[in-house]
Amino acid sequence: MEKYITALALIVILAGAAISQTGATADKHSVATTQSPIPEEARRHFVMGATLFKDAKTHDEFLQVASEFKQAADLAPQWPEARYNLALAREAAGDYEGAMNELKLYQKFKLSESEARTVQDKIYALEAKAQHATQKRVSDDAANARDAAARAEEAKYGWLQGE
């Protein structure tokens with residue numbers, strides 16, 4: 001729960017900064033390509049995503065949040081905050097690979113040295129989470145296979161005993 005509160009605090013800060021942003025300025029985040037204003041429809045999806053993130057608790061709710069940020073990022077690919085929040089939403093939904101991919105795109109924006117370090121460290125943390133989730137899935141699959149084999153064995157002996 002603590003990781004969601006931290007992510008939520010960051011989203012609220014980024015949402016406030018993004019909403020107050022005017023015209024083509026992207027303050028410390030600049031893109032190597034031509035900057036353009038953030039379309040209103042992208043802002044709409046960004047604010048909706050930030051709002052939904054505040055109350056999201058289930059996997060499906062985090063998927064909806066990610067969908068909103070994805071639409072914002074698609075409509076305004078020059079907007080780093082939309083890309084970063086999409087990564088946070090994907091992480092909250094358990095999509096660690098997707099979150100890492102979004103952060104790698106986010107790294108293409110001009111970042112301060114400390115911010116670049118923070119993002120790279122976040123990618124390392126997501127790699128650990130992805131590895132742990134994969135190991136857990138493998139372990140769960142093995143346990144399910146053992147349970148199924150045990151049930152099949154019980155059924156076989158039940159039949160032999162006339163049950």
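A crossing of two helices is left-handed if the near helix is turned anticlockwise from the far one by less than a right angle, and right-handed if clockwise. Keep that in mind for the second stop.

This is a predicted model, in which local features need pLDDT of at least 70, side-chain atom pairs count only at pLDDT 80 or more, and totals for chains, interfaces and linings use all residues. Numbering starts from 1 along each chain as its sequence is written, and side-chain values use heavy atoms, with hydrogens and water left out.

**Whole chain.** Start with the cartoon: you will find six helices and zero strands (DSSP runs, H or I of at least four residues for helices and E of at least two for strands, numbered from the N terminus).

**Helices 4 and 5.** Select 80-92 and 96-106. Helix 4 and helix 5 pack at about 165 degrees with axes 7 Å apart (lines fitted to C-alpha atoms over the stretch in contact, angles from 0 to 180 degrees between N-to-C directions). The pair is therefore roughly antiparallel (over 145 degrees), and helix 4 passes helix 5 in a left-handed crossing. Now show side chains: the contact (heavy atoms within 4.5 Å) includes Tyr-84 and Leu-86 of helix 4 and Leu-103 and Tyr-106 of helix 5.

**Nonpolar cores.** Next, pick Phe-53, Phe-69 and Trp-79, the residues with the most contacts inside the largest nonpolar core, which has 19 residues (buried Ala, Val, Leu, Ile, Met, Phe, Trp, Tyr and Cys joined through side-chain atoms within 4.5 Å; buried is under 20% relative accessible area with a 1.4 Å probe, protein chains only). Helix 3 gives the most to this core, six residues. Finish at a second, separate core of 15 residues, including Met-100 and Ala-130.

How values were computed: Buried means under 20% relative accessible area, exposed over 50%, partly exposed in between (1.4 Å probe, protein chains only). Angles under 35 degrees count as roughly parallel, over 145 as roughly antiparallel, 65 to 115 as roughly perpendicular and the rest as oblique.
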